[in-house]
Amino acid sequence: MDVVGGRPVIRGYVRPDGSVGVRNHIVVIPVDDLSNTAALGIAKLIRGVVAIPHPYGRLQFGKDLDLLFHILSGTGANPNVYGAIVIGIEENWANRVADGIVKTGKPVYAFAIEGNGDLRTIEIAARKAKELVQEASEAQRTEIDLTNIMFSIKCGESDTTSGLASNPATGYVVDKLVDLGNTVMFGETSELTGAEDVVAGRIGDEKLREKFWNIYHEYVGFIEDQGVNLLGSQPTEGNIKGGLTTIEEKGLGNIQKLGTKPITCVVDYLDPVPRGAGLCFVNTSSAAAEAVTLFVAKGSVLHLFTTGQGNVVGHPLIPVVKITANPKTATSMSEHIDVDVSDLLELKVGLAEAGERIFNYALRVMNGRLTSTEVLQHDEFSPIKLYISS
Amino acid sequence: MARVAVHDRRDSVGVAIEDIRTGDEVEAVYIIDKFVIGRIKALGDIPLGHKIALKDIGAGEKIIKYGRPIGVATRDIKAGEHVHTHNLKSIRWGALERR
């Protein structure tokens, strides 16, 4: 580990707005489902371009539409992105997404398919993408203190090994990152159930605590109001196979990864996460790809993901570091696992040793080492949709 | 000897950190300081990650893990028994089932 003046140093990309990325992507963002074909066409022609197809963007309205724009613009604005191309069926919405990115000072170009057709759009946009890729290839990593950088955490296909070992070890890393002045986002609103009062108790600011309770009650109230049998869904089949029995047990295991620092930031779907926010609760679905997608839209450049039974989620633009303490999963799904802390579960090493192992691995990833998700092309981009379209 | 890990001294269940077979004598270990809380005989197979009752638990009694209730026993559970969906259910979302 490189340390200057007692502080870890990484080699990252400083963006025009001062934010720090650990990857250097050119992204092609389709505004809507109809534009996926053109976006993928550009990515096929130009090496080094990442297209992020998704099924939404037509006839959404209100808060649901605002959230889609927030996610699309936020993803382009993420510090791991050097520059972006936006493709929409219509010009106005494509420009609206691009406007949300251009604020960061990075290059952004928007194109509309209507009146041009896919082929002409692909050609014009691919020419721009080629220029951007060549420009981006000259961007250099520079030495940066590991501070004021944005991260995120989530667990998935959890089992009791998560609560016992991989989550507490990740919590150790979270404490360390927060102490160094970084921001760490967590969410999974519904999966805090059984431990929601513990989370609330760690929010010092009264207004923020009240905001957290409102978000929690609204989310869980919605689920409960459906009046459906959640067994089989929460905990999931994988959770139950791994020994988790109830949502409370899952929630209590979940919060072990939050470390011990005060929660200093509470944000709802549409709120930005300010740099320097510290440990930050973000209202998210508990579905892995949806949560990671939202964290990235809010600026996370690296995600720590703990799993018990073996969740394989990744993201097209950020490294997702996969951590497990389940020795069976570490063996049977080894290609997906970046850090194995099963020796912590087996009581062979202490929390600090396992935590340092994750921290040091994360540093290598920040400096450029590719994660299993990146190499295996786990490119899940899953915007949260709040309700039906008009 | 096989071991089960215990989060909190108030807990009524421990977690198998390896596969345990019926009749195995297991040691319950507190994870923070590796203090051995006691020994217990497994009354059933307990796969890695699954829970074992550390004491007798009566039907309707709360089951404690992390020092907090994780649900309620749906029938009497003997020390050493496997604890899972067949004898433990949520206090929170389990209630929805009864609607």
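Reply: One definition comes before the questions. A residue is buried if 20 or more other C-beta atoms lie within 10 Å of its own. The model is predicted.

Me: What percentage of the 99 residues in chain B is buried?
Reply: The cut-off of 20 or more other C-beta atoms within 10 Å decides which residues count as buried. Applied to the 99 residues of chain B, it gives a buried share of 44%.

Me: How many helices and how many strands does chain B have?
Reply: Read along its sequence, chain B follows the pattern β-β-β-β-β-β-β-β-β. The count for chain B is zero helices and nine strands.

Me: Why does the radius of gyration of chain B agree with a compact globule?
Reply: The C-alpha atoms of chain B fill a box of roughly 45 × 25 × 20 Å along the principal axes. A compact globule of 99 residues would have a radius of gyration near 13 Å. Chain B agrees because its own value is 13 Å.

Me: What share of the contacts in chain B with a separation of 6 or more comes from residues 24 or more positions apart?
Reply: Take the contacts in chain B with a separation of 6 or more. Those between residues 24 or more positions apart account for 50%.

Me: Which element gives the most to the side of chain A that touches chain B?
Reply: The contact takes 27 residues from chain A and 29 residues from chain B. On the chain A side, α5 (160-179) and α9 (247-254) give two or more residues. The top contributor, with four residues, is α9(A).

Me: How do the residues on that side of chain A divide into nonpolar, polar and charged?
Reply: Sort the residues of chain A that touch chain B by class.

Conventions: Residues are numbered from 1 along each chain as its sequence is written. Chains are lettered from A and ligands numbered from 1 in the order in which they are written. This is a predicted model: local features need pLDDT of at least 70, side-chain atom pairs count only at pLDDT 80 or more; totals for chains, interfaces and linings use all residues. The radius of gyration is taken over C-alpha atoms; the globule rule is 2.2 Å times the number of residues to the power 0.38. A residue is buried if 20 or more other C-beta atoms lie within 10 Å of its own, exposed if 12 or fewer, and partly exposed in between; C-beta atoms are placed from the backbone. Two residues are in contact if their C-beta atoms, placed from the backbone, lie within 7 Å. Ala, Val, Leu, Ile, Met, Phe, Trp, Tyr, Cys and Pro count as nonpolar, Asp, Glu, Lys and Arg as charged, and the others, Gly among them, as polar.
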